[in-house]
Every structure is written in structure tokens, then in C-alpha cells.
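Take a look at the picture, then read on.

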Amino acid sequence: MSPEDTLASMESVITDLFYWVSIALMIAIHAGFLAYEVGASRSKNVLAAAMKNLLTFAVVVSTFFFFGWWFYYAFPQFPAGALDVSGAKDYLPWADISGPNTTSVNGIFWGAFALFAATTGSIMSGAVLERIRTSAFLILTTVLGSVVWIIAAAWSWHGNGWLLTEWGWHDFGAAGCVHLIAGAFTLGVLINLGPRIGRFVNGKAVTIPPHNLPLTMLGLMLIFVGFFGFLMGCVVYTNTGYFSIFGNPTNLSAIAFSTLMGLAGGIIGAYVASKGEPFWTISGGLAGVISVAPGMDLYHPALAFIIAVVGGSLIPHIGKLIERFGIDDVVGAVTVHGGCAFYGIVVSGFVLWGYPNIEGMPDVNPLGQIGGAIVLTLLGFVPGYLISLALKKAKMLRIPPEVELAGLDLSEVPATPYPEGIPVTRLNGSMNGTAVKEEVNA
Amino acid sequence: MSPISDWDTPGAVFTGADSTAVLVLFVVLGILIVIGFLVKMVQHENHAYAQMINHEPVERGPAAEGEPPVY
């Protein structure tokens, strides 16, 4: 074997291994979301919440193979330019590289993207807890994870995406195509789904506490671990070094600075803004990383910290704002993912203003970033709203009120989460009263 | 279903790699299984919700030990 052949072989092996580790770490995100949502549910819904997370993973990964991967290669320039059907045909599920192939490592890239896809579904999953039909959720998550997010990725997270080539877009950590898309899609669904029974009584918000807040906090810590895999997958590894998906040189060192400082800043910001409320404080870590994600390959760590502090401090306020509209976002997914991604992208437009893109593409600029954020918000929101509206009209979106009151674990899940009967969901006084019965009857 | 007769030629080695029609069939069957799974889930949900509303057990058989009372 010549030295060139040896080098090529080693490149292939290391690329394979690099993304393999990324995939394994990203599975921690799903373990984290599962624990997070189980903890955030009342004890009557914990197994249904866990099943929903498991099934999200299964359905999104399989459908992402069957038709999702193709969108990434067909849509980068569409509708600004032509649909690239001929280029994308190599990524159809029956193409030569869509399976074991001695000369291709396509599967490792597909695997990383499949985990990103499943993450979008998991983001939505927590917001709709305790009242959505699992079947409706899986239909929605298939559309989000295997169609909508990957079109967004083609536009905004691809070396030839039209947001980059036309507007100078920069979003290293997928704040737009993963977090903003999932948050906006979820908002559209929540509008049609409605709040949990008892969440708003006579128009006034009533807090429904998680049945296991420590588990929720542990879940978020697992998500933090998974984030290192997620951000590892945002780096393009080659034998000549690391690049962002937009082609500019970077390395994992840059990402270590920003990720850790983003986590720290977000937690501090959320703690201060929420006056030490544990749920918002731990969510602040996520908010911080998402806020710095667009420029985490370029921000100074202290600047990343400041941006993250502001991002973390925003979430309790965004959460309250959403609540005022009667929207019940159980885990703050719209707030943390949608709100902080939008904020982070807008901030990056000003902070990164003038950074060059490669090959003569427009420099990073505020209008490009803000315009891109609006485009992605609409791309997420419109299908989420319309498809959930159709499911609602077909009476397929929401579980019956009797089942909601009794809990999903007593109906569709043939198992008992706590056979010894603890912990028991504590009923608020207002939830036992006539107001709830009136709401059910209405 | 081997598409190769030796390991000397690099390239696709997966089952059915020499026949697009077979691969399309695999994919279509896979998609149908996912759709069938969703249909089955809707049926299960409808049954489970109806049984609960009618105060009937969702599944036949004795109650499991430690089963919590109705909420």
C-alpha cells in the first residue's frame, strides 16, 4: 500500500470514528429528554411520556432513512434556485452509498443527521406532554424530523444552502435549523392542541408541578452531555483539519470554549431572572448554549458568556409571555429552543457583522441573519400549525378529557410506573373544584 | 441475495445492491410497516380510551398486583 493509500485509509477510519462517537454521545440527548419529560409529567403520565420519547426515536430514524436524507441534497438552492434532483439521487435509500459499501462512509453522516432529526422531535415532545395522542404526535414528529428540519438544514446548514450563498448566513451550531425550527413548529402545534385541563382556570394560569423535579434536572444534565456530541457533529472533520459546515476553518477547541461558557452563562442568567427557580435555572444551561450556537466557532469566550447570560435571563420572561396567550408549553420548549435560537441568531448578525464567508459568498451581516431567522420561523411554524389543525379537525390530535383526567398510564400503557403507589400526584385545590368540571363539560 | 462473487471489486456490498427493483421493494415495505404501525397505534388508542370511558378494563385478565386505584 502506498503512503497515499495509507493516508486515505486512515482518513476514512478517523472520519468514521469521529462521527461514530458523535452519534453515541447524541443518544444521551434522547436519554436526557426522556428523563426530563418523565420528571416533568405528573405521576399518572410518566410511562406514556417515556414511550413517546422511545417511539419518536424509532419513527424519526426509520423515516429519515426512507425519505429524509434525500431532502438535504435536493433542496439547498430551492426555491431561490433549482431543485437538485440529479445530485440528490445518490442519496436515495436505494443508492450505492445508502448501505454497506467498502468505499463510502456515507452511513456515518446519515447517522449523525438522523440523530439531529430525532432531536427536533424530542424538543417538541416535552411541550405537548399529557394531552396529545401519541399517534398524532408521531405523525407530527415524522413531518418535523424527516421533512421540515432537513429542508431547513439544506437551506441554512449546507455549504451550498441559499441562505449562505444569497444572504451570507452563518449558524455554526444549528440554532436555526434544529432549535428555531423545532420551537416554531411546536408553537404551531400548541395553538391547536390547547392547554392541559386545569392549566388555566377562569383564564388564570395555574402551575402544574412536575412529579419529579430532580429527575428533570438530571435529564437536562444528560442533555448537556449529549450536546458535546451534537456540536461535535456540527464540525466537518477532514484529513486537512476541521471546518464548519460553511467551510471556514475551526476546531473543537473553539467549541469547547463557547459551549462551556454558554452553559455557565445561561445557568447564571436564568437563576437571577427566575429568582432561583430550579426548572428555569437548569433550562438556562440549554438556553445559554443555544444562544451562543450561531457564532460559537468565532465568539470570544467572555462574549459567549455575556450572550448566554442574557439568553438565560430571557427565558422566564418569554415563558410568562407565552403563558399570557393561554399556551401550555409544559417544558418551555418554545421558549428555550425557539426563543433563544431567534435571539442568538439576531445577536450573531451584529456581533459577527463583517466576518467573511468563503469563495466570495456575502459576508455575515445583520439583515441576512434576521431575514434567515424569519424564514426559518415561518418554515417551522406553518406546517406545524396546518398539520395539527388538520389532525384537530379529524379529532385525532388530543386525547379525550376523561382519559386526560385519569392519566394515560391507566389507559394506553399496559404497565404501572410506580406499583407501590408512590409518589402520588398532588391535586391543587382549584383542580378539584367545579372550575375543572366546567372546563371538561365545555 | 449476494451482489458480489468476490471481495476484489470495491463498492456496494449490501443485499440486493445489484437490483434497484429489489431495493425499492425493501424501502416500500419498510414505509408500509411504519404506516401499519401508526394505524395499529390509532386502533389501540381508540380501544383504550373507549374502555376507560366505559369503566371497562383495557386488557383482559386479572389486575396486576399493586395496580393503583383509578385516578
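This is a predicted model: local features need pLDDT of at least 70, side-chain atom pairs count only at pLDDT 80 or more; totals for chains, interfaces and linings use all residues.

**Helix 2 and helix 4 of chain A**
- Helix 2 of chain A covers residues 46–74 and helix 4 of chain A covers residues 106–127; their axes come within 8 Å and cross at roughly 130°.
- The crossing of helix 2 of chain A past helix 4 of chain A is right-handed.
- On the helix 2 side, the residues that meet helix 4 include A:Phe57, A:Val60, A:Phe64 and A:Trp69, while the helix 4 side includes A:Trp110, A:Phe113, A:Ala117 and A:Gly121.
- Sorted by class, the residues of this contact are twelve nonpolar, six polar and one charged.

**The largest nonpolar core**
- This core has 140 residues, and the ones touching the most other members are A:Met124, A:Trp149, A:Ala152 and A:Ile181.
- Helix 2 of chain A shows up again here, giving the most to the core with 16 residues.
- Beyond its neighbours within four places in sequence, A:Ala152 is in contact with A:Gly176, A:Cys177, A:Ile181, A:Leu376 and A:Leu379.

**Where chain A touches chain B**
- Here 33 residues of chain A are in contact with 30 residues of chain B.
- On the chain A side, helix 2, helix 5 (134–156) and helix 14 (401–406) each give two or more residues.
- That side of chain A is made up of 15 nonpolar, twelve polar and six charged residues.

Key:
Residues are numbered from 1 along each chain as its sequence is written. Chains are lettered from A and ligands numbered from 1 in the order in which they are written. Axes are lines fitted to C-alpha atoms, for helices over the stretch in contact, and angles run from 0 to 180 degrees between N-to-C directions. Helices (H or I, at least four residues) and strands (E, at least two) are DSSP runs, numbered from the N terminus. A crossing is left-handed if the near helix is turned anticlockwise from the far one by less than a right angle, and right-handed if clockwise. Two residues are in contact if their C-beta atoms, placed from the backbone, lie within 7 Å. Ala, Val, Leu, Ile, Met, Phe, Trp, Tyr, Cys and Pro count as nonpolar, Asp, Glu, Lys and Arg as charged, and the others, Gly among them, as polar. A nonpolar core is a set of buried Ala, Val, Leu, Ile, Met, Phe, Trp, Tyr and Cys residues joined through C-beta atoms within 7 Å. A residue is buried if 20 or more other C-beta atoms lie within 10 Å of its own, exposed if 12 or fewer, and partly exposed in between; C-beta atoms are placed from the backbone.
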